[in-house]
Amino acid sequence: MGSPAVATALVSASLLVLGAAPGGGQPLPARMTDTGGGTQLITAVAARTGSTTGTLTWWEVRNGQWVRAGSAKARFGANGLVEGASRKQGTSTTPTGLYHLPYAFGIKAAPGGTSYKYRPVRAKSWWCQDNDSRSYNRWSEPRAKDCRAAESEHLISYEKQYAHAMVIGFNYTEPVRGRGAGIFLHVNGSGATAGCVSVSAGAMRRILRWADPDDAPHIAIGTTSGRTAITGY
């Protein structure tokens, strides 16, 4: 028989594979209030609301249990995180909460194996952030006449960040003016984001290959504890 130390190490390794918490606790999705109803989930967790970095993990249900499919270091807004319902536009904060993922997009072609709806970025692709526009918080191609360029993102200008990305459904279904627009999961830039969640280019490609629209993946963004604890979403 192996030594107790070896046995303990094997048990710990098994828990990590399943995504369980140390000590035999349940995987994070099993401890959450809501996971969106699907069988895939992305969690983006920061230590506290003032953090600009954290961990992004993607999960899936296997044999009736949530297991970790992958994980990567994540970056958040330059001013940390804030409850999504009270967020204000232009504050460089990442909104906490549980959101659907309407579609993916990118300047580069979709990674091989991607099954998610994927929209190519073209020279006339914009994301409207103009509060006075009827196209607020929507892809606009070409840019809508009532959407000012100074209040929008010319997507193709962000060659690195938007090489591959997914739309996060924050303030998306029924947009509230002034709450924020253009919140994405995208590739890392040079530092903290303006409110999005970002990961390495390799991690973003893996997520796109993994995400299955038939499994209704959502993303939950939050902190390890406190009012914005991810388990509360």
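Helices (H or I, at least four residues) and strands (E, at least two) are DSSP runs, numbered from the N terminus. The model is predicted, so local features need pLDDT of at least 70 and side-chain atom pairs count only at pLDDT 80 or more, while totals for chains, interfaces and linings use all residues. Residues are numbered from 1 along each chain as its sequence is written, and side-chain values use heavy atoms, with hydrogens and water left out.

**Exercise 1. Lysine 145**

Find where lysine 145 is placed, and decide whether lysine 145 is buried or exposed.

Solution. Step one: lysine 145 belongs to the loop between S9 and S10. Step two: buried means under 20% relative accessible area, exposed over 50%, and partly exposed in between (1.4 Å probe, protein chains only). Step three: lysine 145 counts as exposed because its relative accessibility is 88%. Step four: from C-alpha to C-alpha, lysine 145 and serine 135 are 9.6 Å apart in space, and they are 10 residues apart in sequence.

Proline 142 has its place in the loop between S9 and S10. A cis peptide bond joins glutamate 141 to proline 142, with omega at about -5°. As background, most peptide bonds are trans.

**Exercise 2. Asparagine 137**

Describe the surroundings of asparagine 137, and say which residues asparagine 137 is in contact with beyond its neighbours within four places in sequence.

Solution. Step one: locate asparagine 137 in the loop between strand S8 (126–128) and strand S9 (138–140). Step two: asparagine 137 counts as buried because its relative accessibility is 2%. Step three: with contact meaning heavy atoms within 4.5 Å, the list beyond those neighbours is Trp127, Cys128, Phe170, Asn171, Tyr172, Pro175, Gly180, Ala181 and Gly182. Step four: the side chain of asparagine 137 reaches the backbone nitrogen of glycine 182 at 2.9 Å. Step five: the backbone of asparagine 137 has a positive phi near 55°, in a residue other than glycine.

**Exercise 3. Aromatic rings**

Classify the pairs that tyrosine 162 forms with phenylalanine 105 and with tyrosine 158.

Solution. Step one: rings of Phe, Tyr and Trp (its six-membered ring) pair if their centres lie within 6.5 Å, and planes under 30 degrees apart count as stacked, over 60 as edge-to-face and the rest as tilted. By this rule there are eight aromatic pairs. Step two: phenylalanine 105 and tyrosine 162 are edge-to-face, at 5.6 Å centre to centre with 65° between the planes. This pair links distant parts of the chain, 57 residues apart: phenylalanine 105 is in strand S6 (residues 104–106), and tyrosine 162 is in the loop between strand S10 (152–154) and strand S11 (165–167). Both phenylalanine 105 and tyrosine 162 are buried. Step three: tyrosine 158 and tyrosine 162 make a tilted pair, 5.2 Å centre to centre and 45° between the planes. Tyrosine 158 counts as partly exposed because its relative accessibility is 31%. Step four: one aromatic cluster is formed by Tyr103, Phe105, Trp127, Trp139, Tyr158, Tyr162 and Phe184.

**Exercise 4. The chain overall**

State how many helices and strands the protein chain has, and what share of its residues counts as buried.

Solution. Step one: the secondary structure comes to two helices and 14 strands. Step two: 47% of the 233 residues count as buried. Step three: among the contacts in the protein chain with a separation of 6 or more, 60% come from residues 24 or more positions apart.

Note on methods:
A polar contact is a pair of N or O atoms within 3.5 Å; within protein, one must be able to donate a hydrogen and the other to accept it, and residues adjacent in sequence count only if both atoms are side-chain atoms.
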